[in-house]
Structure formats: structure tokens, C-alpha cells
Amino acid sequence: MKTRITELFGIQHPIIQGGMHYVGFAELAAAVSNAGGLGIITGLTQRTPELLAEEIRRCREMTDKPFGVNLTFLPTVSSPDYPGYIKAILDGGIKAVETAGNNPQKWLPALHEAGVKVIHKCTSVRHALKAESIGCDAVSVDGFECGGHPGEDDVPNFILLPRAAEELKIPFVASGGMADGRSLVAAMALGAEGMNMGTRFIATKEAPVHENVKRAIVEASELDTRLVMRSLRNTERVLKNDAVDRLIQKEKDLGANLKFEDIIEEVAGVYPKIMREGAMDAGAWSCGMVAGLIHDVPTVKELIDRIMAEAEAIIGQRLARSIVA
Ligand SMILES: Cc1cc2nc3c(=O)[nH]c(=O)nc-3n(C[C@H](O)[C@H](O)[C@H](O)COP(=O)(O)O)c2cc1C
């Protein structure tokens, strides 16, 4: 398939692997890029810019295809060394950056000057339009279904994607709830030029996470995610577990008085315990409703080949046949 997204990033298939904390290491990014998609290393999972530079080097050894780096701009007061991370990206010869969170405007001139294409992840049409107006090359439109931070508007992709298509000039990919060839065709029918997947890529052979995490995703249904931290306006979709039950109880008990410190045990520093050690009840971790559509743990190449074959069959056969001459 050829779309403005495949052209922009120089990739074979319009499939992107979104940045994922403690999942988006070189192994996964390289596997996705080798399979013809755009793999993405999660910048902030590397604790320092030097470690990110090393991760980029490792990825380069595993693939000669384009891959990107995710840089999430957190709303925290003590911010990470963003200038250092940008330097590591530029020195590492990266040509695709997925930004998320706060407005990336400040960093665009340096990135663009080095020929880097920037795709900003947004959860609303107004943020997507803002990204377009400041010069982002593309956007990733993250619907209410998504794992991670769906924003506060709660608009699902069946509405959000066509609304984005009505307003945007730059290309966009659909993100949130994407799993297979049906998702890709639907996303493209609604105006997207590709799709971004998070949760689906965790349940692959190459994802460098504990087997318990993959099993939890395969076993989960579409009913097993919960929204947490809404009252802090930092809503996150996570997989239900003991820690999440506790967190939700605290939210009920404390109501509008809830502060981040009250739930720190359930949300801070939990990713290494879950993703590396497989301690599945150690805290709240992002997971999409799409878990209900994930039934196996294929290799990344098997997954991407299957998606493309299914998408092409739907367009060329099932949909084509339904047109009455
Ligand atoms: C475990 C996990 C960690 C994530 N971490 C990040 C992150 O650090 N930065 C970011 O921009 N998005 C993050 N995301 C969001 C994904 O990049 C992607 O937008 C989202 O998973 C899409 O929804 P899906 O899970 O339904 O495919 C994370 C998602 C998951 C499931």
C-alpha cells in the first residue's frame, strides 16, 4: 500500500508502532521496521540521553530500515533533559520522531532542519489542528479506545477519525483499538492514511517484556480495561488488576480531594516490575480495549504480513464484491 504516511517515512506498509514505556526497546522497534512498518524506540524509557544514544545504536545494528524515537513531553515541573534527548536523536541520524503530550513547537525547528519528520500524537481535533498549524508533518489520532492516555474528551475513533479528516490537511494515522486488517481498512475508509498500534505489538514474540504481560493481554477481553486518574485530568486506560481496584477505591473515597501522592504506590515506578519481572499486580499499566481482539502471540513479521494480506483481501474481494454494477 502507498499512502502519504508511507511516503513521508519511507516505509513499505502504513503501520506504526507507538512509543510504549518499557516496551519500546530496540528489539521491538527493529522487528517492526524490518517487517516494513515504522518501529519506534521510547525515548524516556532510557533514563539519560546517553542511554538513548546507545539504544539507537543497538537498533541500527538490528535493522537498516528507517525507525523513529518517541519523545513524550510530560506535564511535570522537573522536566527530563529534553535538549539532551533531542541531541541524541539528531546525532543518531533519526529521521522520524513521534511526539506526545505537551506542545512540541519549541523543538520543531531543530528537528526539521535535520530533515526529521514529526508525527504528533493527539486525542482531539483541536489538538490535531494545533499540531498542523505549528508545522508538524503528520498526526496520530488517538481515540477513546486507546491504551495509555486518551485525553478527557472521550470521543471514540468512529467519530474522531472522520472529524479529523474533515479538518486536517496533513496526513494522519488512526491510533487506539487497531489490531488487524479490518482495523486498517476501516481506518483508511474513515480518512486515515495508516494506523498506529500499541497494545497489539506487546503481544508479539519480539516484544521484550515478560511472558506474563503477553498472556494477560491474550486473556483479557474488551471489558477488562479501566480509566484511572480522571480527577487529576491525566486519564489513563489500564488493564484491571488488584492495584487498579485499590486505586479506583481511593478515587471513590477521596473524590475531588485526591492528589497524586495518594496513588503514588499504584502508579509511580511500576513499569519495570510489570514489564521486566512480570509482577502483574504491581501497579497500573496502560492497555487498550483492543485486548479483546488479541488472541495470539505471533512474530511481528507474521502479524504485519497477516494485517496487510487481510486488508488487501477485504478491499479487493469482500468490499469489491459488494458493489452492484
Ligand atoms: C504499555 C503502554 C505504554 C505506553 N507508553 C507510552 C509512552 O510512553 N508515550 C506515548 O506517547 N504513548 C504511550 N503509549 C500509547 C501508545 O503509543 C499508543 O498510542 C496506544 O497504545 C494506542 O492504543 P492501542 O493500545 O489501542 O493500540 C503506551 C501504550 C501502552 C499500551
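1. A charge sits over a ring if NZ of Lys or CZ of Arg is within 6 Å of the ring centre and within 35 degrees of the ring normal. Keep that rule in mind for Arg-237. This residue lies over the face of Phe-144, at 4.8 Å from the ring centre. Note also that the model is a predicted one.

2. Next, the aromatic pairs. A search of the whole structure turns up 4 of them. One joins Tyr-22 and Phe-25.

3. Tyr-82 and Trp-107 make another pair. The ring centres lie 6.5 Å apart and the planes stand at 50 degrees, so this pair is tilted. Which parts of the chain does the pair tie together? Tyr-82 belongs to helix α4 (residues 82-91). Trp-107 sits in the loop between β4 (96-101) and α5 (108-113). The pair therefore links parts that are 25 residues apart in sequence. Both residues are buried. They also belong to one aromatic cluster, together with Phe-73.

4. Now the ligand. How many residues surround the ligand? The shell holds 23. The closest are Gly-19, Lys-121, Gly-177, Gly-198 and Thr-199. By type, the shell splits into 7 nonpolar, 14 polar and 2 charged residues. Three elements each supply at least two of the shell residues: β3 (67-73), β8 (195-197) and α9 (199-202).

5. At Gly-147, a polar backbone atom is 3.3 Å from an oxygen atom of the ligand. How much of the ligand does the protein bury? Taken alone, the ligand exposes 600 Å², and the protein buries 92% of that.

6. Glu-98 deserves a check alongside Gly-19. Glu-98 lies in strand β4. Its relative accessibility is 1%, so Glu-98 counts as buried. What does the side chain of Glu-98 contact? One of its polar atoms lies 2.9 Å from the backbone nitrogen of Gly-19. Gly-19 is also among the residues closest to the ligand. Elsewhere, the C-alpha atoms of Glu-98 and Gln-17 are 10.0 Å apart, though 81 residues separate the two along the chain.

7. Finally, Arg-200. This residue lies in helix α9. That helix is one of the elements supplying residues to the ligand shell. Why does Arg-200 count as buried? Its relative accessibility is 2%, and the buried class covers values under 20%. A polar atom of the Arg-200 side chain lies 2.8 Å from the backbone oxygen of Asp-296.

Terms used:
Residues are numbered from 1 along each chain as its sequence is written. This is a predicted model: local features need pLDDT of at least 70, side-chain atom pairs count only at pLDDT 80 or more; totals for chains, interfaces and linings use all residues. Side-chain values use heavy atoms; hydrogens and water are left out. Rings of Phe, Tyr and Trp (its six-membered ring) pair if their centres lie within 6.5 Å; planes under 30 degrees apart count as stacked, over 60 as edge-to-face and the rest as tilted. Helices (H or I, at least four residues) and strands (E, at least two) are DSSP runs, numbered from the N terminus. Buried means under 20% relative accessible area, exposed over 50%, partly exposed in between (1.4 Å probe, protein chains only). A residue is near a molecule or strand if one of its heavy atoms lies within 4 Å of it. A polar contact is a pair of N or O atoms within 3.5 Å; within protein, one must be able to donate a hydrogen and the other to accept it, and residues adjacent in sequence count only if both atoms are side-chain atoms. Accessible areas come from the Shrake-Rupley method with a 1.4 Å probe; for residues, only the protein chains shown count as cover. Ala, Val, Leu, Ile, Met, Phe, Trp, Tyr, Cys and Pro count as nonpolar, Asp, Glu, Lys and Arg as charged, and the others, Gly among them, as polar.
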